[in-house]
Amino acid sequence: MSVSTVDACTSAVDAFTTRRLSAERVREGHFELLVGLFQDPRVAATLGGPITVIEAKDRLEENDRHWNVNGFGFWVFHDKRSGDFVGRGGLRRVRIEGAFETEIAYAVASDYWDRGLATEMADAMVDIAFRKLDLADLVAFTLPTNMASRRVMEKVGFRYERDIQHAGLPHVLYRRTSESRRYTTATPRASAGKP
Ligand SMILES: CC(C)(COP(=O)(O)OP(=O)(O)OC[C@H]1O[C@@H](n2cnc3c(N)ncnc32)[C@H](O)[C@@H]1OP(=O)(O)O)[C@@H](O)C(=O)NCCC(=O)NCCS
């Protein structure tokens with residue numbers, strides 16, 4: 001890979017840092033943060049609606065199982081400087097139309113949107129997937145109308161592959177292989193100047 005986006009990383013990838021963020025494996029103690037994130041109507045709007053407390057507990061348990069089986073899963077991300085919780089992201093084994101894939105997923109607390117944080121999270125997780133975990137490729141998918149998420153995928157080197165059905169809804173599937181490069185642009189970010 002041409003760009004290394006992870007500053008520091010434990011060998012088991014339980015924790016790592018990026019330029020602005022610190023990431024740690026999702027644990028039970030993060031429950032309230034995650035419920036708050038996924039009950040935020042702006043975040044929930046593209047993720048099938050606000051999560052219930054029972055669903056949040058199920059997801060935590062599932063994430064723990066996933067880490068134990070695969071050696072990776074979801075992380076929570078905090079701002080290194082302020083300590084603020086800014087989002088969660090991860091790598092997850094999923095079955096899509098009969099094929100097993102590894103998905104990259106991210107969600108950022110709405111107060112922190114448009115500062116490049118999802119891109120920073122995704123860049124680091126791609127780096128971990130290819131350089132630490134030796135995965136061959138990754139997929140990402142979202143609702144066709146989720147332009148911010150599609151833009152993040154494109155910025156970190158994913159390319160549109162095909163339309164799929166997920167959770168009974170049409171989604172767009174993007175893919176990135178370990179060989180493909182991160183997208184670079186001469187156009188400055190619309191939000192340039194924000195922290
Ligand atoms: C999608 C999400 C993670 C993006 O987080 P973020 O930290 O704001 O993302 P970034 O700032 O890194 O990048 C967002 C990009 O999308 C662009 N964007 C935002 N809204 C857009 C829109 N309506 N149309 C086109 N582009 C848009 C931004 O301008 C930016 O691109 P740029 O850097 O070229 O200017 C965030 O909106 C979120 O958490 N949404 C809810 C959860 C979700 O949908 N997750 C993805 C599901 S797969």
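A hairpin joins β2 to β3 through three residues, in a model that is predicted. Local features here need pLDDT of at least 70 and side-chain atom pairs count only at pLDDT 80 or more, while totals for chains, interfaces and linings use all residues. Residues are numbered from 1 along each chain as its sequence is written. Helices (H or I, at least four residues) and strands (E, at least two) are DSSP runs, numbered from the N terminus.

**Strand pairing**
- Strand β2 (residues 15-17) runs antiparallel to strand β3 (residues 21-25), with three bridges between them; two strands pair if DSSP finds at least two bridges between them.
- Within that pair, Phe16 has Ala23 of β3 as its bridge partner.
- On to the next pairing: β3 also pairs with strand β4 (residues 74-79), again in the antiparallel sense, over five bridges.
- Here Arg25 stands opposite Trp75 in β4.

**The chain as a whole**
- The protein chain holds five helices and nine strands, and its elements follow the order β-β-β-α-α-α-β-β-β-α-β-α-β-β from the N terminus.
- Of the 195 residues in the protein chain, 29% are buried (20 or more other C-beta atoms within 10 Å of a residue's own; exposed means 12 or fewer, partly exposed in between, with C-beta atoms placed from the backbone).
- If you look at contacts (C-beta atoms, placed from the backbone, within 7 Å), 57% of those between residues at least 6 apart in sequence join residues at least 24 apart.

- Helix α4 (residues 117-132) has 16 residues and spans 21 Å from first C-alpha to last, close to the 22 Å expected; the expected value is 1.5 Å times one less than the number of residues.
- Because 13 of its 16 residues are buried, α4 is largely enclosed by the rest of the structure.
- The largest nonpolar core has 39 residues, of which Met121, Ala122 and Met125 touch the most other members. The helix α4 gives the most to this core, with nine residues. A nonpolar core is a set of buried Ala, Val, Leu, Ile, Met, Phe, Trp, Tyr and Cys residues joined through C-beta atoms within 7 Å.
- Beyond its neighbours within four places in sequence, Met121 is in contact with Leu21, Phe77, Gly87, Gly89 and Tyr106.

**Around the ligand**
- Ala118, Thr119, Met147, Ala148 and Arg151 come nearest among the 24 residues around the ligand. The elements giving two or more residues to this shell are β6, α4 and α5 (147-155). A residue is near a molecule if its C-beta atom, placed from the backbone, lies within 6 Å of it.
- The largest share of the shell comes from α5, with five residues.
- Sorted by class, the shell has 13 nonpolar, seven polar and four charged residues (nonpolar: Ala, Val, Leu, Ile, Met, Phe, Trp, Tyr, Cys and Pro; charged: Asp, Glu, Lys and Arg; polar: the others, Gly among them).

**Backbone angles to look at**
- Most residues other than glycine have a negative phi.
- Glu97, in the loop between β5 (85-96) and β6 (99-108), has a positive phi near 45 degrees. Glu97 counts as exposed because it has 10 C-beta neighbours inside 10 Å.
- Asp114, which lies in the loop between β6 and α4, has a positive phi of about 65 degrees although it is not a glycine. With 13 C-beta neighbours inside 10 Å, Asp114 counts as partly exposed.

Methods:
Two residues are in contact if their C-beta atoms, placed from the backbone, lie within 7 Å.
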